[in-house]
Amino acid sequence: TIAFLEEGLGLRFEHLRKMVMSHPQVLSCSVEENLKPTIAFLEEELELSPGELRKMVISHPQVLSYSVEANLKPTTAFYTNALSLDTRGVAEFICSNPACLGRYIYPISLTKTIEPRYARVLEAGIEVNRTVMMHVAIKTAVKFDEWLEKMKRALQQGTSRPGQAPDRLQKRERKPRRKRGVVSDGDLMDRHGSSEGRL
């Protein structure tokens, strides 16, 4: 396994050490049953570059344990359809946060977790973009429920656009600061008028 990752992906010792420390189960992955099919899917189906592939497996080695047929294919297909993404778009989405494929040892359940949450978000009238989908995919059950309630309240109060996170709501308009040394026409009029009054 180590030899395959080192030679096949060009990983250095420090990369392999980091992967094993965060996910020791990678050592028990079968080269033929796990590593080769997963890497082939990421390279061929998602068209990841060698650099993107290395970055993904280093930051989230759990992906090497996931089944291509049971997890990777249906999950990436769901993101593609739900977010209306092309191959490059879904690759960028997944590379930006590989945890959307699964957390810790286990892959995310598409039918038990992502799809039901996605339906609740749509029912609430929230526009689903990449940021919203991240909340759908990676939050714990409690955190997701809290986030969804905040979004609902924000929409009811009219303080948030669909898809906009409640902690990034409308900012108060600030008056532009006047640069030092710059005098406005109003100031000139006030000064001129006040000076005339003293004459």
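Start with helix 8, residues 130-138, and colour its buried residues: V132, M133, M134, H135, V136 and A137. Buried means under 20% relative accessible area, exposed means over 50%, and partly exposed is in between, with a 1.4 Å probe and protein chains only. Helices (H or I, at least four residues) and strands (E, at least two) are DSSP runs, numbered from the N terminus.

This is a predicted model, in which local features need pLDDT of at least 70 and side-chain atom pairs count only at pLDDT 80 or more, while totals for chains, interfaces and linings use all residues. Residues are numbered from 1 along each chain as its sequence is written, and side-chain values use heavy atoms, leaving out hydrogens and water.

**Around helix 8**

Which helices do the buried residues of helix 8 pack against? Select helix 5 (68-82), helix 6 (87-96), helix 7 (110-123) and helix 9 (141-156) to show these partners. Contact here means heavy atoms within 4.5 Å.

Next, zoom in on the start of helix 8. A side-chain oxygen of N129 reaches to within 3.1 Å of the backbone nitrogen of T131. A polar contact is a pair of N or O atoms within 3.5 Å; within protein, one must be able to donate a hydrogen and the other to accept it, and residues adjacent in sequence count only if both atoms are side-chain atoms.

**Helix 6 against helix 8**

Show helix 6 and helix 8 together. Their axes come within 11 Å and cross at roughly 50 degrees. Axes are lines fitted to C-alpha atoms, for helices over the stretch in contact, and angles run from 0 to 180 degrees between N-to-C directions. Helix 6 and helix 8 are therefore oblique to each other. Angles under 35 degrees count as roughly parallel, over 145 as roughly antiparallel, 65 to 115 as roughly perpendicular and the rest as oblique.

To see the contact, select G89, E92, F93 and S96 of helix 6 with R130, M133 and M134 of helix 8. These residues divide into three nonpolar, two polar and two charged. Ala, Val, Leu, Ile, Met, Phe, Trp, Tyr, Cys and Pro count as nonpolar, Asp, Glu, Lys and Arg as charged, and the others, Gly among them, as polar.

**Helix 3 against helix 5**

Now select helix 3 (residues 31-45) and helix 5, whose axes come within 11 Å and cross at roughly 15 degrees. That makes helix 3 roughly parallel to helix 5. P37, T38 and F41 of helix 3 meet V68, L72, K73 and T76 of helix 5 in this contact. Four of the contact residues are nonpolar, two are polar and one is charged.

**Two single residues**

Go to H60, in the loop between helix 4 (50-59) and helix 5. Is H60 buried or exposed? H60 is buried, with a relative accessible area of 7%. Not counting residues up to four places away in sequence, H60 touches Y66, P98, A99 and G102.

Then pick L110, found in helix 7, which counts as buried at 13% relative accessibility.

**The whole chain**

Zoom out to finish. The protein chain has ten helices and two strands, in the order α-α-α-α-α-α-β-β-α-α-α-α along the sequence. Of its 199 residues, 35% count as buried.
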